[in-house]
Amino acid sequence: MDEEDLVKKWLAETLSESERLSFEQTETYRKLQRTEGLLQRMKAPDYDVEAEEKRLPIAPRQVGVVSLWQRNFLKVAASLLLVLSAALVIGYLLLRDETVRVLAATKTTTYLPDSSEVALNKASSLTYSTSGWNKARVVELSGEGFFKVSHGSRFDVKTSLGTVTVVGTQFNVKSRTGYFEVQCYEGTVKVRSKGTEQILKKGQGWRLIGGLSAALELGTGDGPGWLGNESRFESVPYSQVVEEFERQYGVKVKLVRVDANQMFTGSFTHDNINLALKSITLPLNIKFDREENLVRLSGDQ
């Protein structure tokens, strides 16, 4: 059952228990809840019928008939005004495009119109159309997101570096400046980028850095490390590690005599900045010092 039918059944209070539980997980349901709260505060305007009657230029012998008509007319008009207002509010919320943005200091989880779940990493954004979802299922991603797609649902995730087509699966997409990576944790995904096409199955990944692509093996994990507050890297340029560190901790990193293109394999936690700094410097014999929001990483002279 599509979401439009669920909305109709919700308004008619005919949802089954399973349909209700499914519908309550959607973004549309949360909008309707906010709308319902708004409508509860909306009342038809009060009319002083006696006062309005005195303003009308009506002959005395017509007052009784016109007064009755006027009372009924005002009641109907007030009811129609309330219904129209409700329809406009609900229509606006259901038909407008929905844009979700994540600020640099936050992570969040949101739901697509088909109830698919998307967890977004810091400094990421997601854009999709609620009004045209059933005709063109396209999600635009900037940054990094982990998708849990509803069974049988199909849509495209577009980024500046490539497009991922999915059908009922779990996968992670990372699209940063000069870096594009897709990891498949369940089902199958199709990746199109720079004129190439890759089919990824569970446990497989694909990466594009600076025009060079590589296949990845994900091991036995059931999701990307950042969901557990840890950033993991396997043979990536050190500059990518530094940029991710800056995003997670909201600091600026300055490299002094450090080769930003050298490859790094390892990880760092998102919960302890000093421990994270040790994790990304000790393996490469790099020293660090920190002053408020500035971190200096220094190599050997």
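Colleague: On a 1 Å grid over the protein atoms alone, a pocket is an open set of points where a 1.4 Å probe fits, with protein on both sides within 12 Å along at least five of seven lines, and its lining residues have an atom within 4 Å of a point. Which residues lie nearest the centre of the second largest pocket?

Modeller: Glu181, Gln183, Tyr185, Arg232 and Phe233 lie nearest the centre, out of 24 lining residues. Two or more lining residues come from each of β7 (163-176), β8 (179-193), β11 (212-217) and β12 (230-237). Such elements are DSSP runs numbered from the N terminus: helices are H or I with at least four residues, strands are E with at least two. Please note that this is a predicted model, in which local features need pLDDT of at least 70 and side-chain atom pairs pLDDT 80 or more, while totals for chains, interfaces and linings use all residues. Residues are numbered from 1 along each chain as its sequence is written, and side-chain values use heavy atoms, without hydrogens or water.

Colleague: Which element gives the largest share of that lining?

Modeller: That is β12, with six residues.

Colleague: And what is the pocket's volume?

Modeller: The second largest pocket has a volume of about 460 Å³. A volume here is the space filled by probe spheres set on the grid points, which are joined across faces, edges and corners.

Colleague: How many of the lining residues are nonpolar, polar or charged?

Modeller: The lining has nine charged, eight nonpolar and seven polar residues. Nonpolar covers Ala, Val, Leu, Ile, Met, Phe, Trp, Tyr, Cys and Pro; charged covers Asp, Glu, Lys and Arg; the others, Gly among them, are polar.

Colleague: Changing topic, how many aromatic pairs does the structure hold?

Modeller: There are twelve aromatic pairs. Rings of Phe, Tyr and Trp (its six-membered ring) pair if their centres lie within 6.5 Å; planes under 30 degrees apart are stacked, over 60 edge-to-face, and the rest tilted. One of the pairs is phenylalanine 233 with phenylalanine 268, which is stacked, at 5.9 Å centre to centre and 25° between the planes. Phenylalanine 233 is in strand β12 and phenylalanine 268 in strand β14 (residues 263-269), so the pair links distant parts of the chain, 35 residues apart.

Colleague: Is phenylalanine 268 buried or exposed?

Modeller: Phenylalanine 268 is buried, with a relative accessible area of 1%. Phenylalanine 233 is likewise buried, at 9%. Buried means under 20% relative accessible area, exposed over 50%, and partly exposed in between (1.4 Å probe, protein chains only).

Colleague: And why is the pair of tyrosine 238 and phenylalanine 264 tilted?

Modeller: Their planes stand at 55°, with the ring centres 6.0 Å apart, so the pair is tilted. Tyrosine 238 lies in helix α6 (residues 238-249) and phenylalanine 264 in strand β14, so this pair ties together parts 26 residues apart in sequence. Tyrosine 238 is buried at 0% relative accessibility, and phenylalanine 264 is buried at 2%.

Colleague: Which residues do ring pairs link into a cluster?

Modeller: The cluster consists of Phe233, Tyr238, Phe245, Tyr249, Phe264 and Phe268.

Colleague: Now the largest nonpolar core: which residues touch the most other members?

Modeller: Leu126, Phe147, Phe155, Val164, Phe171, Phe180 and Val189 do, among 25 residues in that core. Elements giving two or more residues to the core are β3 (117-120), β4 (125-128), β5 (138-148), β6 (154-158), β7, β8 and β10 (204-209). Of these, β8 gives the most, with five residues. A nonpolar core is a set of buried Ala, Val, Leu, Ile, Met, Phe, Trp, Tyr and Cys residues joined through side-chain atoms within 4.5 Å.

Colleague: Where does phenylalanine 171 lie?

Modeller: Phenylalanine 171 lies in strand β7 and is buried, with a relative accessible area of 0%. Phenylalanine 171 and valine 182 are eleven residues apart in sequence and 7.1 Å apart in space, C-alpha to C-alpha.

Colleague: One last topic: what is the phi of arginine 257?

Modeller: Phi of arginine 257 is near 55°, a positive value in a residue other than glycine. Most residues other than glycine have a negative phi. Arginine 257 is in the loop between β13 (252-256) and β14, and is partly exposed at 48% relative accessible area. Glutamate 292 also has a positive phi, near 55°. Glutamate 292 is in the loop between β15 (287-291) and β16 (294-298), and is exposed, with a relative accessible area of 71%.
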